[in-house]
Amino acid sequence: MQRKKLLALGIAGLTAAGAAGFALVQVPSANAATLSNVWYASAPYLMPFDNSPPDAIAVMNATGQKAFQLAFILAPAGGGCSATWDGTKAVSSDTEAAALITKIRNNGGDVSVSIGGYGGTKLGQTCGSPEATAAAYQQVVTKYSLKAMDFDLEEPEYENTAAIHNEIGAAKILQQNNPGLYVSITTPGTVAGGTGWFGTQMLIEAKNSGYTPANYSIMPFDGGFSGSADQIGALEKFHALLMSTFGWDSATAYAHEGVSQMNGRSDAAEYFRQADFQAVLDYATSHHLARYTNWSVNRDRQCADPNQSTTSGSCSSIPQTAWEFTKYSAKFAGATPPNTPPPSPTPSTPGPTASPTSPPPPGGGTCTAEAWNVSKAYTGGTLVSYNGHTWKAQWWTQGETPGSAGVWTDQGACSGGGPSTPPPGGGTCPAAWDATKAYTGGSTVGYGGHKYTAQWWTQNEKPGVAAVWKDNGAC
């Protein structure tokens, strides 16, 4: 499975500090103590040294997001058991990340730091024991006065039993030595089982070690995922795996489960658009998941060609406004993002940005576009009429209602045209929806004269409002 970053490694001649014997200059914690753990649980990933790093303060001000997940801590490219940024910048002598963290804290925010990721050599692979691995990570915690850390355990490290033993053991030691430290563990997701064999073995290692982090998060992308329905299905399978592995009840499993998404085009040419993020957010909040994050803030802006057929580390490859996906993280944390984002800040190195969305044209006159039909597929640029407005498809779509799905942009009001062709239906409605009843995926209910099908487990989520319910038409 491919990961989510384009990272240059292997700078020769690096001199890295060892795990001991160096005096680390501690970064003041500033306002970090004022943040609750939900902000660390919502923190999207940000690469401070690669992929056209954005202005973090501008992103905070535009979205309401208060925390970021700085990535990645690795072993030195030349080998050894000391912490570096991206394998090339020793934490012991760092001033750049420290300055960024201070700026974020002075703006009322904070950071978590992520170790691992896809590619590069991890400290769990080069340090000889959990204790040595923990000592290397303690450099990072101490240097930056951290209150949160993420263990991103994936290829190739999570295929190495000894390395995973070192990482899980190190996480346990860090929490013992740093009371209150918030630790998340992130691992690849799969459509078939929630996570794969190696992810399952990692859970078993944690169970055998007697260690429970704040959450286990899967990455439901780069594995044949088709939008939010597959992502939510994987989260349900992972939920079942957490229950069976640790003996947790359903509520406890959800309270230790998280999701780490990829915004826009993935490495495997999957597309996760705004509507997918909203659907997963609805699922995460309604099921009280412990974490909701994504890769990455660097990619949370429109490419110069918004529909390019390649994956970029510095833009999303889909139409969007700048920092639009970061706003979903802010919502998970309970914030209300600003309604109108300011103009996109200029990246620290040249990179694509997006222009603010213009208001829809005033429209008027008779609706000339054909009425939207739920069963018809539309390509980007197609115009339809729906509920007295003309709508334009931004990309290929089918069954996504204008006005509620991000694929459609409002071209203004028009008269006539009708409400569109409704989904096929008719006949007798199923049993009426009951807010107190739990429904599994595939269950059908009647509500408001329409038939609805649950796409996953749900309770007390209203048909026609919550994304879990698919409208099957009038009945």
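Reply: One term before we start: buried means under 20% relative accessible area, exposed over 50%, and partly exposed in between, with a 1.4 Å probe and protein chains only. Also, this is a predicted model, so local features need pLDDT of at least 70 and side-chain atom pairs count only at pLDDT 80 or more, while totals for chains, interfaces and linings use all residues. Residues are numbered from 1 along each chain as its sequence is written, and side-chain values use heavy atoms, with hydrogens and water left out.

Me: Cysteines, then. To how many disulfides does the count come?

Reply: Four, taking a disulfide as a pair of cysteine sulfur atoms within 2.5 Å. Counting bonded cysteines along the chain, the pattern is 1-2, 3-4, 5-6, 7-8.

Me: What does Cys-81 pair with?

Reply: Cys-127, with an S to S distance of 1.9 Å. The link of Cys-81 and Cys-127 is right-handed, with 105° about the S-S bond. Cys-81 sits in the loop between strand 2 (67-74) and strand 3 (84-85), and Cys-127 in the loop between helix 4 (123-126) and helix 5, so the pair ties together parts 46 residues apart in sequence. Helices here are DSSP runs of H or I with at least four residues, strands are runs of E with at least two, and both are numbered from the N terminus.

Me: Are those two cysteines buried or exposed, or something in between?

Reply: Cys-81 counts as partly exposed because its relative accessibility is 21%. Cys-127 is at 4%, so it counts as buried.

Me: And Cys-303, what's its partner?

Reply: Cys-315, with the sulfur atoms 2.1 Å apart. That link is right-handed as well, at 95° about the S-S bond. Cys-303 and Cys-315 are 12 residues apart, and each is in the loop between strand 12 (291-295) and helix 11 (326-332). Both Cys-303 and Cys-315 are buried.

Me: Switching topic. At what angle do helix 5 and helix 6 pack?

Reply: Helix 5 (residues 130-144) and helix 6 (residues 161-177) pack at about 55°, with their axes 8 Å apart. That makes helix 5 oblique to helix 6. The axes are lines fitted to C-alpha atoms, for helices over the stretch in contact, and angles run from 0 to 180 degrees between N-to-C directions. Under 35 degrees counts as roughly parallel, over 145 as roughly antiparallel, 65 to 115 as roughly perpendicular, and the rest as oblique.

Me: Which residues meet there?

Reply: From helix 5, Pro-130, Glu-131, Thr-133, Ala-134, Tyr-137, Gln-138 and Val-141. They meet His-165, Asn-166, Glu-167, Gly-169, Ala-170, Ile-173, Leu-174 and Asn-177 in helix 6. Contact means heavy atoms within 4.5 Å.

Me: What's Glu-257 in contact with?

Reply: Leaving aside neighbours within four places in sequence, the contacts of Glu-257 include Asn-215, Tyr-216, His-239 and Arg-291. Glu-257 and Tyr-216 are 41 residues apart in sequence but 5.2 Å apart in space, C-alpha to C-alpha. Glu-257 is found in strand 9 (residues 257-262) and is buried, with a relative accessible area of 0%.

Me: Which residues have a positive phi?

Reply: Asn-51 is one of them, at about 55°, and it is buried with a relative accessible area of 9%. Ala-269 has a phi near 65°, and it is partly exposed at 39% relative accessible area. Ala-269 lies in the loop between strand 10 (264-265) and strand 11 (271-272).
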